[in-house]
Amino acid sequence: MGRYVGFPLGFLLVAWGLGLGLWAPLAAGRFVVEKNSLMVISPSELKGKHDSAIGNFGIPQYGGSMAGAVVYPKENAMACDQFSRSDLFKPKAGALPNFILIDRGDCLFAKKVWNAQNAGASAVLVVDDKNEPLITMDLPREDDEAAKYIENITIPSALIDKKFGEQLKKAVRSGEMVNVNLDWREAVPHPDDRVEYELWTNSNDECGTKCDMLMNFLKEFKGVAQLLEKGGYSQFTPHYITWFCPQAFIISKQCKSQCINNGRYCAPDPEQDFSTGYDGKDVVIENLRQLCVFRVANESKRPWIWWDYVTDFHIRCPMKEKKYNKHCAETVMKSLGLDIKKVDQCMGDPNADSENQILKIEQDAQVGTGSRGDVTILPTLIVNNRQYRGKLEKKAVLKAICAGFEENTEPPACLSDDIETNECLDNNGGCWQDKASNITACKDTFRGRVCECPVFGGVQFKGDGYSNCEAIGPGRCRINNGGCWQDSRDGKTYSACQESGDGKCQCPPGFEGDGVKACENINECKKKTACQCPECSCKDTWGSYDCTCSGDLLYIKEHDTCISKKASEAKATWAAVWVLLIVLAIAAFGAYAIYKYRLRSYMDSEIRAIMAQYMPLDSQGEVPSHSHEEDLA
């Protein structure tokens, strides 16, 4: 009647203290430690790749990597106490982030990371204190102190083995520069353009800090999850953990109040008090209902409705208000348009002494397969069959899911500001930047910052993105004058920027220089390139020149010559006369043409009328001549 599944020792101890020692696990537990790669860049004798176990708190940079300098504190090496200053490990401007090396022991893993974070650390490497396989750093207990840590830790952390840790400490102590790179890019497989992920959850809302964190996450992540599902980018499946009661205790009061289907599917008492409030079987039944809601919604091609149901149920049917029941659940289902009869049929009879196929599938799924370990911690998130480690928080989880997409197939949600790494805020991410125009080649993505020349104001920039980006094509002169020289004086503006051609900066006529930093005025008078006629007098101006003629002469710039003003005026007068004559001639010719046409048309019509009176037209028949006949008579 079921198999044995491993689950946290902490839960077993609590359960035993409450009289729940009768819960039987379901198969030999197999816990898989999720790892990320730690690459030593320097010193050369340590250079190479090492494994590190991802901590189950904080925010690992899934899909990205992070470089830093290793620092080992001279005091408080276990970081169980607060450090002396909040900026003790904060890097200087332009320097690599500091990864703090901390010894294991004496206090919670989370407390060590919390203290290091408050002293300015960017990441934490915890050195194991014994030679053993790597383990996942987690909380052995839940209380107010632990909750403060897990809720507020935002930096990544990892556990490294004792031998490797001692090597790092020795190198740091000897004054060597120890640079490492934490790499999470392969922590989540990314085979294709769809991510499959699961969330092992619980409907119980009275289990303390972790339940509150889970419910807050469901509310925050609902919108993103539904967008991914509706767009066909992901396939989500919810799961629920149950245990069974050993055969010897099935008739006990504890089993009857905490289990359904004759002890086959059980959950701990929500309030951990058998005498008051709800029982464990109430939680199992609601868990089963939520599984069936997902199934019914999935059959109607609306699997994302599950997110609406679980969040609405938590808001409308809390245990504290005594609304955690079937009636309230049906009210929620009705409001979401779910078929209540189908959900009831899916759930079956919880009082029957037989297997429930839905819950049996869930118990089987708790056992790990392949690279995925057993599900032993609630909540547990699994992305592409790898268990997620870190804080259950919208931004962090979305980043892990986005890391599961094949590169360049990520949906828009993965490229939004929600999960950008904000590396561009620090020294512009080391990318090219035009501060005058507020243009940067730095772009934050969930995989980390990239340096790519941007498109700004419809103008394309090209270059390596790190040290150089140049505007090209039409409109380039609108952006900081295309990076070319420009100056204005006395109401005149000259620019070395060219919209067409090869796009290089070229000084305009009247100037010489590189076109980028400077264009100097050319003294065309001094160089005798203009105003060379004998009667001319040249005066240099900025970007041009003024040429005047002596006496009554007038300067003609196009021909670089001087002519008499009177001759010029005479020429102008004669030109005006000729223009007038030409205009009159054209007008006369036009009038004559119109007159001739109209007159000829009038005369033609008159002649035809006269001729029609005295002689027959071609269209008339021949008229007999009576006068001739009379003469013959």
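Mentor: A cavity here is a set of grid points where a 1.4 Å probe fits but cannot get out, and its volume is the space filled by probe spheres set on those points. The model is predicted. The structure holds 3 cavities of 30 Å³ or more.

In the second largest cavity the volume is about 80 Å³. Its lining is made up of 13 residues, and those nearest the centre are Asn-202, Ser-203, Met-215, Gln-290 and Val-310. Two helices, H5 and H8 (305-316), each supply at least two residues of this lining. H8 gives the largest share, with 4 residues. Sorted by class, the lining of the second largest cavity has 7 nonpolar, 5 polar and 1 charged residues.

The largest cavity holds about 250 Å³ of space. A total of 18 residues line the largest cavity, and Asn-56, Lys-210, Pro-379, Gly-390 and Leu-392 are the closest to its centre. Helix H5 (209-230) and strand S12 (380-383) are the elements that give two or more residues to this lining. By class, the lining of the largest cavity divides into 10 nonpolar, 4 polar and 4 charged residues.

Note on methods. Residues numbered from 1 in each chain as written. Predicted model: local features only at pLDDT ≥ 70, side-chain atom pairs only at ≥ 80, totals over all residues. Heavy atoms only, no water. 1 Å grid on protein atoms, 1.4 Å probe; cavity = no way out; pocket = protein on both sides within 12 Å on 5 of 7 lines; lining within 4 Å. Nonpolar A, V, L, I, M, F, W, Y, C, P; charged D, E, K, R; others polar.
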